[in-house]
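Have the structure open beside you as you read.

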Amino acid sequence: MTSTTAAAPAPVAKPAGRATGRPARGVRRKWTEHGLVFIAPFFLVYAMFLIWPLISGLGMSLTSENITGTGGEFVGLDNYAEAVRDPDVWSSLWNTVWFTVLSTVPLVVVGLVLALLAHQLQVVQWLWRLSWFAPFLLPSGVVCLLFLNMILPSDFGLADQMLAAVGLTPEIGWLTDERYAMLSIVATTVWWTVGFNFLLYLAALQAIPAHLYEAAELDGAGAWNRLLHITLPMLRRTTGLVVVLQILASLKIFDQVYIMTGGGPDESTRPILQYVYQQGFTGYRIGYASAVSYIFFALILTVSLVQPLLSRRRAEEAAK
Amino acid sequence: MSGSATVTTRPAPRTERPADAGGRRPRWTRGRIVLLVVALLLTAAWLLPLAWAVATSLKPEGDTTRTPLSWIGSRVTFDAYSKVWESGDLMIWLMNSAYISVMTTLLTVVTCAMAAYGFTRTDFRGRRLLYGLVLAGIMVPPQVLIAPLFREMVQLGLVDTYWGVILPQVAVPAMVFILVKFFEGVPRELEEAAFVDGAGRWRVFWTIVIPLSRPVLAAVAIFTFISTWNNFLWPFLVTTDPGGMTLPVGLVNVQSTFGVRYAQIMASLVIAGTPLLIVFAFFQRQIVQGIAHTGLAGQ
């Protein structure tokens with residue numbers, strides 16, 4: 001976990017004058033005192049609302065428990081065995097992964113392009129930030145109800161009206177046609193959250209040392225060459241992180257689908273979290289829902305563990 | 001996840017303008033003008049849906065679904081706003097959201113700062129184990145816990161209460177990690193001097209450490225506030241009584257009862273979306289830096 005923290009600001013060394021002299025004994029004792037008191041409030045909440053549910057959820061996944069916490073009996077791995085055979089688990093897992101694939105690429109690429117534009121132009125920064133980042137500050141409910149009611153409906157929705165203005169009348173049910181529902185959800189998501197990646201890229205761009213560009217300019221490198229040979233290579237680390245974070249965020253999709261399509265048409269957009277919700281909260285099979293949650297958790301853990309391994313290997317290769 | 005957090009520890013860039021500008025703005029070459037046009041088109045694409053929501057909310061109810069495209073109805077009216085406002089629920093949800101977000105932010109900042117200080121500046125048996133547990137928790141998405149967490153809330157009698165919404169959002173291990181990284185970079189001399197002068201642990205923490213860490217605490221606070229204000233899944237699960245709902249949950253819940261009164265729906269969305277946008281207008285720089293600072297570890 002901590003092997004990758006090299007980027008942390010180095011702990012500031014003690015001033016030379018005091019480096020040799022140890023602090024007075026009383027002071028040294030002070031440094032070790034009262035630790036638990038400081039940690040207790042956080043840890044109490046942490047233990048109650050993260051550690052305990054994590055453990056009790058695992059326990060529940062081995063029972064036939066319902067939502068009221070009664071009538072559950074131990075069923076071993078039955079829930080997991082059922083989940084593996086449940087076609088709805090597989091289809092909603094597939095929908096989740098498909099959404100992740102479809103959304104990650106544009107969210108990263110568009111975020112990068114927007115950041116490059118804003119960085120390159122250097123004027124009216126407030127306008128770029130306002131228009132591209134502000135949607136991120138809207139609750140999912142606001143964004144999804146806006147797109148559901150006024151952007152995506154056929155005919156009078158803004159999307160169809162804009163297309164009609166240039167002479168196109170596609171007559172597509174953006175959210176009701178199986179071929180387009182997922183794409184519409186992806187487009188809504190890109191509009192809503194790309195500003196986050198935009199900001200991360202913008203910060204990374206601003207951290208690239210200026211002397212690299214100055215040296216390149218002296219060598220006569222044009223704008224295109226500077227982008228290809230300085231900017232993009234300098235953004236590689238950031239891109240790796242942004243991609244992994246985006247995958248993790250996309251895998252957790254729930255709000256957009258629940259609000260805009262309810263998982264339809266014909267369950268073609270239902271993500272795994274919605275299936276957990278349906279099983280646990282409307283179907284009252286909370287033991288089974290926990291088992292499906294843990295399958296989902298395994299997927300998330302795999303993604304978050306693969307990334308540090310990959311970057312470590314890359315670092316090792318670079319060191320050779 | 002651990003790798004992701006490394007970026008956060010890089011100090012956020014201070015300067016607004018990229019350093020390579022060297023204080024002067026580049027000239028308007030043809031290339032830059034093309035870029036500007038592209039950027040403006042993209043800006044329009046991002047702003048149009050927002051403008052459409054506002055435009056629709058100002059139309060009389062009968063004009064909202066008219067084609068062909070028209071941005072202004074037969075007249076400009078605030079009818080939709082007064083209808084939505086009079087219904088009263090929106091006001092209650094706004095207050096609920098504000099209370100829940102402020103309390104969550106306060107508790108998160110205080111408990112996480114205390115814990116991070118405890119992990120970096122004290123020693124006790126089991127410290128490493130506890131910190132290991134916190135780091136491991138960064139990889140647990142709260143969404144995975146909804147079923148057991150809900151049952152726990154039933155058992156504690158916290159369903160449909162503010163605390164039921166607040167408490168599970170308070171203990172965010174990623175925030176402890178960010179603060180630990182920050183405290184590790186803060187020199188100990190000031191605190192040592194205060195100890196020598198006889199100050200106690202608490203006074204040192206509140207009068208020296210907290211004021212020193214204001215920027216990073218602000219970043220944590222901003223990030224927590226935004227994510228709590230916008231959180232949907234957990235408040236949606238744990239509130240069933242409309243009177244206790246947060247704004248996003250209430251809106252989605254009531255959407256069906258609006259029927260096809262699109263002007264009213266849009267008016268309620270505008271009211272719901274505006275508070276954070278106003279906050280953003282005032283604290284743009286802090287929010288941008290806060291996101292850049294905490295964002296990579298916070299998700």
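This is a predicted model: local features need pLDDT of at least 70, side-chain atom pairs count only at pLDDT 80 or more; totals for chains, interfaces and linings use all residues.

Q: How do you know that the span of H5(A) agrees with its number of residues?
A: The expected span is 1.5 Å times one less than the number of residues. For the 35 residues of H5(A) that gives 51 Å, and the end C-alpha atoms are 51 Å apart, so the two agree.

Q: Where in H5(A) does a kink lie?
A: The kink is at Ser103(A), shortly before the proline Pro106(A), and amounts to about 25°. That angle is taken between axes fitted to the seven residues ending at a position and the seven starting there.

Q: Why is Leu107(A) called buried?
A: A residue is buried if 20 or more other C-beta atoms lie within 10 Å of its own. Leu107(A) has 25 such neighbours, so it counts as buried. Its place is in helix H5 (residues 87-121) of chain A.

Q: Which residues is Leu107(A) in contact with, leaving aside its neighbours within four places in sequence?
A: They are Val190(A), Thr193(A), Val194(A), Asn197(A) and Gln246(A). A contact here requires C-beta atoms within 7 Å. As for Ser250(A), it is 143 residues from Leu107(A) in sequence, with 10.0 Å between their C-alpha atoms.

Now to chain B.

Q: What makes up chain B, helices or strands?
A: Chain B has 15 helices and 0 strands. Of its 299 residues, 45% are buried. Among its contacts between residues at least 6 apart in sequence, 79% join residues at least 24 apart.

Q: Which residues of chain B does the UniProt annotation "transmembrane region" cover, and what is the chain like there?
A: The unreviewed UniProt entry gives this annotation to several stretches, including residues 33-55 and 204-226. In the model, residues 33-55 of chain B are 100% helix and 0% strand, with end C-alpha atoms 30 Å apart. Residues 204-226 of chain B are 96% helix and 0% strand, and their end C-alpha atoms are also 30 Å apart.

Q: How many residues of chain B are in contact with chain A?
A: There are 107 in chain B, in contact with 105 residues of chain A. Helix H2 (residues 30-57) of chain B gives the most to that side, with 15 residues. The side of chain B that touches chain A divides into 68 nonpolar, 23 polar and 16 charged residues.

Note on methods: Residues are numbered from 1 along each chain as its sequence is written. Chains are lettered from A and ligands numbered from 1 in the order in which they are written. Two residues are in contact if their C-beta atoms, placed from the backbone, lie within 7 Å. Helices (H or I, at least four residues) and strands (E, at least two) are DSSP runs, numbered from the N terminus. Ala, Val, Leu, Ile, Met, Phe, Trp, Tyr, Cys and Pro count as nonpolar, Asp, Glu, Lys and Arg as charged, and the others, Gly among them, as polar. UniProt positions are given in the numbering used here, feature names are shortened, and annotations may be inferred rather than shown by experiment. A residue is buried if 20 or more other C-beta atoms lie within 10 Å of its own, exposed if 12 or fewer, and partly exposed in between; C-beta atoms are placed from the backbone.
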